[in-house]
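Work through the exercises below with the model open. Try each task before reading its solution.

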Amino acid sequence: MTAPAKMPAVPWADVEAKGGIRPWVDSELLRLGLADPGAGSMTDAEKKAYKARREEERRVRRELFRVAWTAYKAAHIVHLGPGVWWHDTADVDKHDAKDADKKRADHALPAVGDAAALAKALGLTIPRLRWLTYHRDVDTGTHYHRWTVPKRDGGLRPISAPKPELKAAQRWIAREVTEHLPVHGAAHGFLPGRSIATNARVHAGAKIVVKLDIEGFYPTVTYRRVKGLLRKAGLGEQVAILMALLATESPREELVLRGKTCFVATGPRALPQGAPTSPSITNALCLRLDCRLTGLARKLGCRYTRYADDMTFSWHGQAAREADRSNAIGKLLRAVEMVVGEEGFTVKRTKTRVMRAGGRQKVTGLVVNEAEGRPPARVPRDVQRRLRAAVKNRELGRPGRGESLDELRGMAAYLMMTDRERGRAFMERLDRLAKQSGGSPAGSETT
């Protein structure tokens with residue numbers, strides 16, 4: 001009996017039931033009547049037939065191995081690219097968290113014990129999960145849309161926005177895993193009920209405000225650091241590797257090689273600016289940093305908050321006078337640089353600012369100087385004037401600077417965050433303008 005030229009696909013469970021790939025191949029050869037009985041004593045005609053049979057057996061054996069490996073790769077990750085360690089058998093090692101089950105329960109993390117469970121939770125097949133996580137130093141495609149936006153210091157900030165399938169996986173990881181990890185109370189960025197306004201209000205009315213920035217915040221959080229964070233949270237190695245790969249990407253340069261567009265990695269995999277997972281991962285990763293800086297602030301008699309990569313300290317009342325007498329600002333700057341360095345980051349010295357009550361004090365874009373009858377943290381006057389002029393120009397039918405209604409609504413919403421009454425008044429005027437032009441008021445549903 002001979003086998004067809006191309007074998008049909010088989011599920012890996014059938015191969016596994018026979019004891020693995022080689023035992024399954026041997027059993028299939030036996031079933032097809034191609035198992036080698038041995039040459040023994042044969043006539044010339046029998047030897048000729050035996051050789052032909054052996055040729056057919058070798059051909060069918062190769063085809064059976066191909067079918068079995070195809071089944072294996074449909075159910076296993078196998079390989080994730082150069083520089084990424086992977087083993088298809090989930091095991092326990094020294095890097096696993098102590099009481100991992102308890103930690104996962106404490107953080108309310110989902111029960112995903114291996115690659116198959118993660119793929120199922122994400123609504124992906126194993127091959128599709130492998131495609132999304134596979135690392136290549138030189139790739140002909142990319143899972144991200146890339147562009148740059150100007151920074152206030154004149155440089156360019158690279159933005160990497162994940163494409164829909166990867167974004168859906170990242171949103172699941174953020175919603176089910178990384179947003180459940182513990183975060184310090186001093187963190188105000190990208191957290192429910194917190195904002196630039198809650199961050200700034202902590203420092204309202206201060207006599208001295210000190211601002212520091214972390215240099216290359218997201219690019220500093222590499223794949224290895226993300227994987228370590230997830231393992232510390234109680235996830236096993238397989239799941240931590242896959243989630244860390246889904247949440248990170250190498251910075252890439254687009255080049256044309258041999259007439260083909262390629263995306264060449266120019267650095268290690270790290271958190272992209274624009275991925276849904278990046279904010280919650282950095283908040284959780286900075287837990288110890290925030291703990292240490294909060295303790296430092298308490299020791300020096302000041303307050304501390306962090307919004308993403310912006311760290312702010314402030315002295316109020318009598319504590320500010322004592323800070324001047326004891327050179328607390330110099331001690332703070334030296335200590336913060338040391339602590340930030342020990343936690344795997346670097347202070348960007350060119351952006352360090354010391355602001356006193358005699359000048360304008362801004363924290364995360366909001367003015368926090370004490371002013372009677374004004375909100376404790378408020379939108380700068382120049383922004384309010386620009387909004388007022390733009391709305392007035394539209395009401396008088398003037399072109400103004402060409403701002404769209406949506407842009408003006410965004411400015412009004414920004415103002416509402418710190419001054420609800422004033423912001424609502426602008427929003428009502430914009431709603432009237434929208435109705436006059438046949439548009440929809442803010443907050444209404446359109447079909």
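**Exercise 1.** Place Gly423 in the secondary structure, then decide: is Gly423 buried or exposed?

*Solution.* Step one: Gly423 is found in helix H18, residues 420-436. Helices are DSSP runs of H or I with at least four residues, strands are E runs of at least two, and both are numbered from the N terminus. Step two: the relative accessible area of Gly423 is 0%. Buried means under 20%, exposed over 50%, partly exposed in between (1.4 Å probe, protein chains only). Gly423 is therefore buried.

The model is predicted: local features need pLDDT of at least 70, side-chain atom pairs count only at pLDDT 80 or more, and totals for chains, interfaces and linings use all residues. Residues are numbered from 1 along each chain as its sequence is written, and side-chain values use heavy atoms, leaving out hydrogens and water.

**Exercise 2.** Which residues does Gly423 contact, leaving aside neighbours within four places in sequence?

*Solution.* Contact means heavy atoms within 4.5 Å. With those neighbours set aside, the partners are Ala412, Leu415 and Met416. Now check Ala413, 10 residues from Gly423 along the chain. The two C-alpha atoms are separated by 6.4 Å.

**Exercise 3.** Compare the radius of gyration of the protein with the globule rule.

*Solution.* The radius is taken over C-alpha atoms; the rule is 2.2 Å times the number of residues to the power 0.38. For 447 residues, a compact globule would come near 22 Å. The protein has 31 Å. Next, take the box along the principal axes: the C-alpha atoms fill roughly 110 × 60 × 45 Å. Finally, count elements: 18 helices and 11 strands.
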